[in-house]
Amino acid sequence: MSLLNRVQQLPKGFVWGAATAAYQTEGSTKVAGKGKTMWDDYLVAQGRFLPDPASDFYNRYEEDIRLSAEHGLNAIRVSIAWTRIFPNGDDAQPNAAGIAFYRSVFEECRKYGIEPLVTICHFDTPIALIKKYGGWKDRRMIDAFVRYCEVLFDNFGGLVKYWLTFNEINMLLHMPFMGAGLVFEPGEDVQQVKYRAAHHELLASARAVKLAHEKMPGAMVGCMLAAGQYYPYSCAPEDVYKGMESDRDNYFFIDAQARGAYPVWAEKRMERAGVQLDWEPGDRETLAEGTVDFISFSYYSSRCVSADPVISAKHARGNAVISSVVNPHLASSEWGWQIDPLGLRITLNTLYDRYQKPLFIVENGLGANDTVEADGSIHDPYRIDYMRKHIEAMLDAVNLDGIPLLGYTCWGPIDIVSASTGEMKKRYGMIYVDKQNDGTGTLARSRKDSFYWYKKVIASNGEDLD
Ligand code: BGP
């Protein structure tokens, strides 16, 4: 489709914003009663660098939200750190300082007419609950999570309309510690543990959705998928079948959250694999009563799969977190994440065909090394190019395919710590943060070229992408 034929405008009220997560931005992990989270041990345990105070949002949120307003964002996606609210995940009383912090953040957003979009759990299982219960492998996590949600809804219900239950819920299968705080004991049936944990998160999510609707009429609650269609490496039926099965691994979660029941194939598959879920009376009703209002997802790339073991051995560098064969038709980022804007249109269509619920792109962006010029300017045409092409694909999905899309919040209004590598130099932001991998830097903020470009895109509601 040539640009001449492209309809650039989006519906009025389309949400333009940018997304972050608590641990990757806030810093100040040991203040105001905050408890330890999965992150504190995750990157440290792997010997990775994780700078505290990250990009120091905890102390600089007023400046960052003011910059977001100047940027023209009408929404900011943030997550709440469970351990700021309940330091041990299930304390007798919530931590007043944590509640006060997020209240100020949301009030500050409202002051500028910015809609906060809140992720309740962004890879943020409290360490105390991992020690106590083994993370989400234990069913008691559900009650702890619902209680945490209750506190959030009671305190922030008047300030927040859009809620997401679990970030990239399907990552539980690919990064079980990050997604669900799972540590496997020797001899444990890994598949069984993962699917039981998935069952618990899905029940917790469904209960949260129901509670949100009861407590906050008008609230919109979504699920969140790490998306990206699987392409078969060839048209060999075995490759196509493997592509379908790989997609199903991820859609399994959204099938449950959007339709309120597990798909038939999933129960059969678990039966064949000897996986037994700990079903309890009422579980099926819980899933059915807690379906989400919209489907949100992150999209960085499509994936590719082959049934041929030799080809499968050639994994893509970098985005092997979710296993993918290198797609020879695509270029890659510096970190090896393959770049596929049309894949976004394909993914949007697939998700809508499957669920017929409004969609929301809540993460998309390019992690890249930026250079600060002598005069302080930062030229990032690569980021603009990535975003432009993905926004074009999104416009096509909306205007040419009729996909109902609520909004687009790209990943990182500002530079933040990378989730998969713990680095600062893998930058997604349109605002540069002077903080380096070795922890040095003033934390000062400065605008990159992409800042001005995205501002124009938002002001024109997607019409001006030059
Ligand atoms: C998603 C996560 C984010 C984020 C992003 C980019 O999977 O939800 O937390 O960081 O990926 O990944 P990375 O930071 O590893 O480049």
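Tutor: Before looking at the model, take one definition: rings of Phe, Tyr and Trp (for Trp, its six-membered ring) pair if their centres lie within 6.5 Å, and planes under 30 degrees apart count as stacked, over 60 as edge-to-face, and the rest as tilted. The structure above is a predicted model, in which local features need pLDDT of at least 70 and side-chain atom pairs count only at pLDDT 80 or more, while totals for chains, interfaces and linings use all residues. Residues are numbered from 1 along each chain as its sequence is written, and side-chain values use heavy atoms, with hydrogens and water left out.

Student: Which residues do ring pairs link into a cluster?

Tutor: A pair of aromatic rings is described by the distance of the centres and the angle of the planes. Ring pairs of this kind link a cluster made of Phe57, Tyr58, Tyr61, Phe101, Tyr102, Phe106 and Phe156.

Student: Into which class does the pair of phenylalanine 106 and phenylalanine 156 fall?

Tutor: A search of the whole structure finds 29 aromatic pairs. For phenylalanine 106 and phenylalanine 156, the ring centres are 5.2 Å apart and the planes stand at 80°, so this pair is edge-to-face.

Student: How many residues apart in sequence are the parts that this pair of phenylalanine 106 and phenylalanine 156 ties together?

Tutor: Helices (H or I, at least four residues) and strands (E, at least two) are DSSP runs, numbered from the N terminus. Phenylalanine 106 belongs to helix H5 (residues 96–111) and phenylalanine 156 to helix H7 (residues 140–156), so the parts that the pair ties together are apart in sequence by 50 residues.

Student: Is phenylalanine 106 buried or exposed?

Tutor: Buried means under 20% relative accessible area, exposed over 50%, and partly exposed in between, with a 1.4 Å probe and protein chains only. Phenylalanine 156 has 0% relative accessibility and therefore counts as buried. Phenylalanine 106 also has 0% relative accessibility, so the word for it is buried.

Student: What is the angle between the planes of phenylalanine 451 and tyrosine 452?

Tutor: Phenylalanine 451 is buried because its relative accessible area is 0%, whereas tyrosine 452, with 46%, is partly exposed. These two residues form an edge-to-face aromatic pair at 5.3 Å centre to centre, and the angle between their planes is 80°.

Student: How far from an oxygen atom of the ligand is an N or O atom in the side chain of tyrosine 428?

Tutor: A polar contact is a pair of N or O atoms within 3.5 Å; within protein, one must be able to donate a hydrogen and the other to accept it, and residues adjacent in sequence count only if both atoms are side-chain atoms. Histidine 122 places a polar side-chain atom 2.8 Å from an oxygen atom of the ligand, and asparagine 167 places one at 3.0 Å from a ligand oxygen. For tyrosine 428, the distance from a side-chain N or O atom to an oxygen of the ligand is 2.5 Å.

Student: How much of the area that the ligand exposes when taken alone does the protein bury?

Tutor: Accessible areas come from the Shrake-Rupley method with a 1.4 Å probe, and for residues only the protein chains shown count as cover. Taken alone, the ligand exposes 370 Å², and the part of this that the protein buries is 95%.

Student: In which strand is threonine 119 found?

Tutor: Contact means heavy atoms within 4.5 Å. Leaving aside neighbours within four places in sequence, threonine 119 is in contact with residues including Arg77, Leu164 and Asn167. With 0% relative accessibility, threonine 119 counts as buried, and it is found in residues 115–121, which form strand S3.

Student: How long is the polar contact that joins the side chains of aspartate 278 and histidine 200?

Tutor: Aspartate 278 is found in the loop between helix H12 (264–273) and helix H13 (283–289), and it is buried, with a relative accessible area of 19%. Not counting residues up to four places away in sequence, aspartate 278 touches Arg139, Arg196, His199, His200 and Asp283. The polar contact between the side chains of aspartate 278 and histidine 200 is 2.9 Å.
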